[in-house]
Amino acid sequence: QESEGYIAARDGVRLFYRKIGEGPKTVIVPNGHYLIKDFSQLTDSNYTFIFYDLRNRGSSDAVTDPEKLQGGIHLDVSDLESVRRHFNIDNVVIIGHSYVGFMVALYAMKYPMHVERMIQIDAAPPKAGKEYPARLRVTDEALNAEINKKIAEFSREAANMAPESACRGFWKIVRVFYVTNPEDAGKLDDYCEYPNERTAAKHYNENILPSIQALNITNGDIEKAAMPVLVIHGTADRAAPY
């Protein structure tokens, strides 16, 4: 069984969701438009999956009021709680990928009583900008230089392109960064059909990243998340240290 609709966040911003299944255990997946194609295959009679788009992302409302974006990742934590409350679910399993893997950890620290289990996939580190030992990170300077050169060249062309075309062209360049084998880059979708995704990088750099950089996560904070946690990370992940 499948349904979809919108959930109002505390400040009125509407979050798009898609609910699949009617199982007794509920799994909530933020940034759902990226993951629903693969994770919906895991649904069975034991689980209900709720995929939802973050504010200003995917099919959720485009937010033009700066005050409704300035909270950055803290607003995402609050929105996850709005989703849980909307469905009146006491205990949930949460799955987060990339910086959302960090966001669900913040949620688990703040609302541990509502998190049964947590899964983090290639999560961002708890301290933004921290330098990790070489054995814990992958730095491909040659690839970085090549990508930056292509972005600089493409940016001059993109100024005269339609937003969706510019988004697809940009993603075609940078997606190589997110795979081990460049030949696999074509397997990644660009999601540029969503107007919100065409400006996602701007939203991240101006709102999400500064809010993460301002955090000071302590061992005491982390200890609050005492539920079972599964951390999945690739040893060749260029985007985040492991």
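## Salt bridges within helices

The side chains of E206 and K202 meet in a salt bridge, 3.1 Å from N to O; the term covers a side-chain nitrogen of Lys or Arg within 4 Å of a carboxyl oxygen of Asp or Glu. Both residues sit in helix α6 (residues 200-213), four residues apart, or about one turn of the helix. Helices here are DSSP runs (H or I, at least four residues), strands are runs of E (at least two), and both are numbered from the N terminus. K202 is exposed at 51% relative accessible area, while E206 is partly exposed at 47% (buried is under 20%, exposed over 50%, partly exposed in between, with a 1.4 Å probe and protein chains only).

## About the model

This is a predicted model: local features need pLDDT of at least 70, side-chain atom pairs count only at pLDDT 80 or more, and totals for chains, interfaces and linings use all residues. Residues are numbered from 1 along each chain as its sequence is written, and side-chain values use heavy atoms, leaving out hydrogens and water.

E4 and R18 form a salt bridge at 3.1 Å between the closest N and O atoms. This pair links distant parts of the chain: E4 is in strand β1 (residues 2-8) and R18 in strand β2 (residues 14-20), 14 residues apart.

A search of the whole structure finds 18 salt bridges.
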